[in-house]
Amino acid sequence: MPRAKDDVLVRRAEIVAALRAIVPGEGTVDDESGMRAYETDGLTAYRQMPFVVVLPETVEQVAAVLRYCHANGIRVVPRGAGTSLSGGALPLADAVLMSMMRFNRILDIDFANRTATVQPGVTNLSITQAVAHEGFYYAPDPSSQIACSIGGNVAENSGGVHCLKYGLTTNNILGLEIVTIEGEVLRIGGKHLDQAGYDWLAFLVGSEGLLAVVTEVTVRILRAPETARACLIGFPVTEDAGRCVAAIIAAGIIPGGMEMMDRPAIHAAEDFVNAGYPRDVDALLIVELDGPQVEVDHLLERVETIAREFGATHIRVSENEAERASFWAGRKAAFPAVGRISPDYMCMDGTIPRRELPRVLKGMAALSEKHGLRVANVFHAGDGNLHPLILFDANAPGELDRAEAFGADILRLCVEVGGCLTGEHGVGVEKRDLMPEMFTEDDLKQQQRVKCAFDDGHLLNPGKVFPVLHRCSELSRMHVHRGQLPFPDIPRF
C-alpha cells in the first residue's frame, strides 16, 4: 500500500478537530474501539486501522470534507457497507475513511418512469422491497444483497444471479449525483434513458471509489415477470454441466438466471438450507425461465431436452413460488454455507467465455492438486462469471500464501482463455498486481489518465486497482518516437 504521509500523521489531532467541526458528534470517530469495525472489508485477510472515520449525513458535509482533504493533501477512502470481496474499502493509515451508510433514504419512487432514486447507503434488497407492492423489482441481485449498499454496487459494478438476462449494475443505473475530490457536486444522467455527449456513467460505474464519491443513485426498476420457474439439473460429470450451459445459450434461450455449483458446494448448501438439492451429482445447474407462462413452459421443455443430451441424471422443476424460492435459497446461502466446512475461504472472481467452462473447471481441479487446497465452485454460469471458493486455514503456516497463489493462478487461467480478471467484485487490492496479466503498460497508463482527469493528486482511494502509480505530469508528457511527433498534421500552438 502507499507509504503513509508523515506530514499528515503528525497533524492527526488538528485534522480530527477540523473534521469534527464539519461532521460533529458521533459523525467523526477517532478512538481505536470505534474504528475497529472499519479495519477490513469482506476480504478479511487484509486489515489496516483507519486514520480517522467520518460518517456524513448530508451532501454539504461530504463536499466540505472532500474540500478540506483536497486543500490539505489528505487521502480519502470511500466506503459503503464493507462487503467488498477485493479489498476495495481497505483503509489507509493516513487516510480519512468516509462511510456513506448514513445516506440510507429512498428519495423517490416513480412508477410511471420506472425509476427509483435512492441514497448510496440503501441496501440492494431494500429497493426491491420498496417497489414490490406495485409488482416491480430491481434486477441486479448480488448474493450479499441483504447487506450490500447500492453505492458499493455502483463502485464495483455488481452483478447477481439474474444479471444474465437483465444486466449488471451499469445496465440498470440511469443517473448519479457525485462529489469530486475538490468538493464540487455534479449530476450525471437522471430519469431519462440516455443523453448526448460523453458517457460519464460508464466511467463512474465500476470506478471503485477512485474518481468521486457517490451521494445519490437513480436506478431502473422493472415489472416483475408474469411467471418464473426454476429447474434443478444434476450431472455426474462437472464438465458436462459446463457444456450444457453453452448449449442452452447457443440454442437462443436466455434464462433469467443460470447458476452452477459443484459437489462440495452442493453438499455445504444442502446441509445449511435443506433446499432439496441432489447429493449424488458432481455438478448442479439452477436454470430459471421467466416471462409469459406459455413461453416459460415451452422453454423449460427445451432446456430439459438439452440437459438430457449432455447426460443430466436429475431434473426437477419448481411447481410453485415457495419451491422456486427454496431452490435459490441454497445458492444465495452458498458462501456462508461453505464457511461451515472450512476455517477460512477466499472467494475469487473471474470471467471467461462460456465455451471455456469445461476447460477452466478441469484446470482448476489440476490447480487444486498443485497447491494442495480444496476448492468449491459457485458461479454465474450463464455469463461465465466464476466464484471459486478456495478453502484454507489462516492459522496453518503458509496456507494463506498458498491460497493467494492458487487464486492468482485461477485468474491467470481466466485471462489465458480469453476472459478477464473480474466480473463484479472489482480489482481493489486483491487483483491489483495481476493487472499486467491482462493490460499492457500503455493500457494502464491510459486508465490512469482518466483517474488524473478526476483526481490529479491521487487522493481518492489510492493503492487500489493500479499496480504502479504514475504522477499525472508523467502521464501527460508527449511521446516523441524517432523525432516524429504523433499526428504531425494537427496544428500546434
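Biologist: Why is Tyr277 called buried?

Modeller: Its relative accessible area is 4%. Buried means under 20%, exposed over 50%, and partly exposed in between, with a 1.4 Å probe and protein chains only. Tyr277 therefore counts as buried. This is a predicted model: local features need pLDDT of at least 70, side-chain atom pairs count only at pLDDT 80 or more, and totals for chains, interfaces and linings use all residues. Residues are numbered from 1 along each chain as its sequence is written, and side-chain values use heavy atoms, leaving out hydrogens and water.

Biologist: Where is Tyr277 found, and with which residues is it in contact?

Modeller: Tyr277 is in the loop between α10 (263–273) and β14 (283–291). Helices (H or I, at least four residues) and strands (E, at least two) are DSSP runs, numbered from the N terminus. Contact means heavy atoms within 4.5 Å. Leaving aside neighbours within four places in sequence, the partners of Tyr277 include Leu232, Met261, Phe327 and Arg331.

Biologist: What makes Glu208 stand out in phi?

Modeller: Glu208 has a positive phi of about 60° and is not a glycine. Most residues other than glycine have a negative phi. Glu208 sits in the loop between α8 (200–204) and β10 (213–220).

Biologist: Why does Glu208 count as buried?

Modeller: Because its relative accessibility is 8%, and the cut-off is under 20%.

Biologist: What is phi near in Val465, and why is Val465 called buried?

Modeller: Phi of Val465 is near 75°, a positive value in a residue other than glycine. Its relative accessibility is 9%, so Val465 counts as buried. Val465 lies in the loop between α17 (441–454) and α18 (472–475).

Biologist: What makes a set of residues a nonpolar core?

Modeller: Members are buried Ala, Val, Leu, Ile, Met, Phe, Trp, Tyr and Cys residues joined through side-chain atoms within 4.5 Å. The largest core has 80 residues; Ile127, Ile173, Leu176, Val217, Val219 and Ile233 touch the most other members. Helix α15 (residues 399–416) gives the largest share, 8 residues. A second, separate core of 26 residues includes Val62, Tyr68, Val96 and Leu459.
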